[in-house]
Amino acid sequence: MFAPRRPLLSLPFLLPSWGEQGTVVGRRYQSTYRRTKQRLRVKPDASFRPSNLPHDEIVFNPPSSAPTAFHTPSIFLPEGDKRKTLTDHVSNNIIPENLAPATTKPQEKVYHLTKEDVEEIRKLRVEDPITWSKYKLARRYQCSAYFINMVCRTIPQKYEIQKKVLDAVTSRWGAKRRMAREDRKLRKEAWARDE
């Protein structure tokens, strides 16, 4: 029914491509090497040099851009700097009433189901699990599908039906799709082993 599993090394995505086998390794000649080395020989910034101070210090080296008071942390600004007053009013005037309203209203939890309702949910689910799916029951009783899962036990007949449906679907697969699914499964296993 199922094709035998192939070893991990026989997967086509692990083999080197045709282009990789016949590539010519480029060489860097003396003229380009010297030019590249000169360009890379950049004098380091003064803030990155080791300091002679007996204690540790914090180095704030922002990227070269237009300086604003909002980008420079106030701890790095000197005492009495005017930029400290620019950011003070922003943080002090935040009042929750002045903020924009939330996009979604927080949902209140409702505990409206009785023991009889729970028993009826279990009875419907056991009688016909195909017709009364957890989503239909959740819609009928105005609760979440998660709650229906908590209330109802697992139904072995439903799993057997789902397995038969899956077997019927996989039996119609051709060789390419079956190999692709096996490759996907092996890749996921390799990911789990961190290969």
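Reader: What makes the span of H4 agree with its 13 residues?

Author: This is a predicted model, and the check is on its geometry. At 1.5 Å a residue, the 13 residues of H4 should span 18 Å. The end C-alpha atoms of H4 are 18 Å apart, so the two values agree.

Reader: How do you know that the buried residues of H4 line one face of the helix?

Author: The buried residues of H4 are Val118, Ile121, Leu124 and Arg125. Seen down the axis of H4, they fall within an arc of 125°, so they line one face. On the other side, Lys115, Glu116, Val126 and Glu127 are exposed.

Reader: What covers the buried residues of H4?

Author: The cover includes H5, H6 and helix H7 (156-171). Take Leu124: leaving aside neighbours within four places in sequence, Leu124 is in contact with Trp132, Leu137, Arg140 and Tyr141.

Reader: Which elements give two or more residues to the largest nonpolar core?

Author: That core has 10 residues, including Val118, Leu137, Ile148 and Cys152. Helices H4 (115-127), H5 (134-141) and H6 (145-151) each give two or more.

Reader: Why is Cys152 called buried?

Author: Cys152 has a relative accessible area of 10%.

Notes. Residues numbered from 1 in each chain as written. Predicted model: local features only at pLDDT ≥ 70, side-chain atom pairs only at ≥ 80, totals over all residues. Heavy atoms only, no water. Core = buried A, V, L, I, M, F, W, Y, C linked by side-chain atoms within 4.5 Å. Buried < 20%, exposed > 50% of the residue type's maximum accessible area, 1.4 Å probe, protein only. Helix = DSSP H or I, 4+ residues; strand = E, 2+ residues; numbered from the N terminus. Contact = heavy atoms within 4.5 Å. Expected span 1.5 Å × (residues − 1). Arc of directions from axis to C-beta.
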